[in-house]
Amino acid sequence: MSRNLILGALLSSLVLLAALLSFIWTPYDHTALDIPNKLQPPSTQHWFGTDHFGRDMFSMIMIGARTSIAVALVAVGIGMALGIPLGLMAAARKGTWLDEVIMRGNDLVFAFPSLVIAILITAILGAGAINAIIAIGIFNIPVFARITRGAALSLWEREFILAARVSGKGAARISAEHILPNVANLLIVQGTIQFSLGILAEAGLSYVGLGAQPPTPSWGRMLADAQTMVSFAPHLALIPGLAIIVTVMGLNLLGDGLRDWLDPRIRVARA
């Protein structure tokens, strides 16, 4: 097991544990205002200090982890649930009008930066965590569709697929029983990468006010609130920024480690 996989799993587990723990316990009520103790630096009483309203930063970071993970997880789930079947259909019908429609639709989405699309969608539908999920999920669909199609095309000419076709199995059954299990490893790794990008996208949307709305804490909005106070309260920006960095780095290391662990060609090369 690689060091990247171990380190990535530890960092990701730490963030996940904080998010799960926030459902049952936080050091303070994240909605409680304590103006006399605002902008306090980290201390034994407030481990990460307090913000400009006197709210406990550690409690807000814990709930912000819950928000970011929930948005990114559901968005990636939408992308996989719709993108993988589209990719399998495009590969099974290579060269037909269905393949062209799916891939040209992917190209249309990829023609615009993901954050711009997300901002456009949330600006039309309105700000909020649900609309952020929809926006991020829509961009994930062509990502999984393209990766699934590319991996599946290399399998359709293999002998075991030809044998399945000769036995009378249709394209849909072959895709479900033979193609999908053989590309699952690649999709799992890509899922971790898209998960980390979803965390960044959620933070970006919240930073511009289009993500989760108050009083729900969000790392991106915490950064936005802190940008005018960095000179005299740097912990307001450093702590949520570090939370984003640790989460994204952990997921990327986890994805890299999973790729090395699941790909037999890499294991053989290293052996």
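Author: The protein chain has a mean pLDDT of 90, and 96% of its residues reach 70 or more; pLDDT is the predictor's confidence in each residue, from 0 to 100. This is a predicted model, so local features need pLDDT of at least 70 and side-chain atom pairs count only at 80 or more, while totals for chains, interfaces and linings use all residues. Residues are numbered from 1 along each chain as its sequence is written, and side-chain values use heavy atoms, with hydrogens and water left out.

You'll find ten helices and zero strands, where helices (H or I, at least four residues) and strands (E, at least two) are DSSP runs numbered from the N terminus. Of the 271 residues, 46% count as buried, meaning under 20% relative accessible area with a 1.4 Å probe, protein chains only; exposed is over 50%, and partly exposed is in between.

On to your core. A nonpolar core is a set of buried Ala, Val, Leu, Ile, Met, Phe, Trp, Tyr and Cys residues joined through side-chain atoms within 4.5 Å. The largest one has 39 residues, and Trp156, Ile179, Phe195, Ile199 and Trp219 touch the most other members. Helices α1, α2, α5 (129-153), α6 (159-166), α7 (171-207), α8 (219-226) and α9 (235-262) each supply at least two residues to this core. The top giver is α2, with ten residues.

Zoom in on Trp156 for a moment. Leaving out residues up to four places away in sequence, its contacts (heavy atoms within 4.5 Å) include Ala91 and Ala92, along with Ile161, Leu162, Arg165, Ile174 and Ile179. There's also a second, separate core of twelve residues, with Val71, Ala135, Ile136 and Ala201 among them.

Leu21, in helix α1 (residues 3-21), counts as partly exposed because its relative accessible area is 33%. Arg104 sits in helix α3 (residues 97-110) and is partly exposed too, since its relative accessibility is 42%. From Arg104 to Pro142 is 38 residues in sequence, yet 10.0 Å in space, C-alpha to C-alpha. And across the whole chain, among contacts with a separation of 6 or more, 69% join residues 24 or more positions apart.
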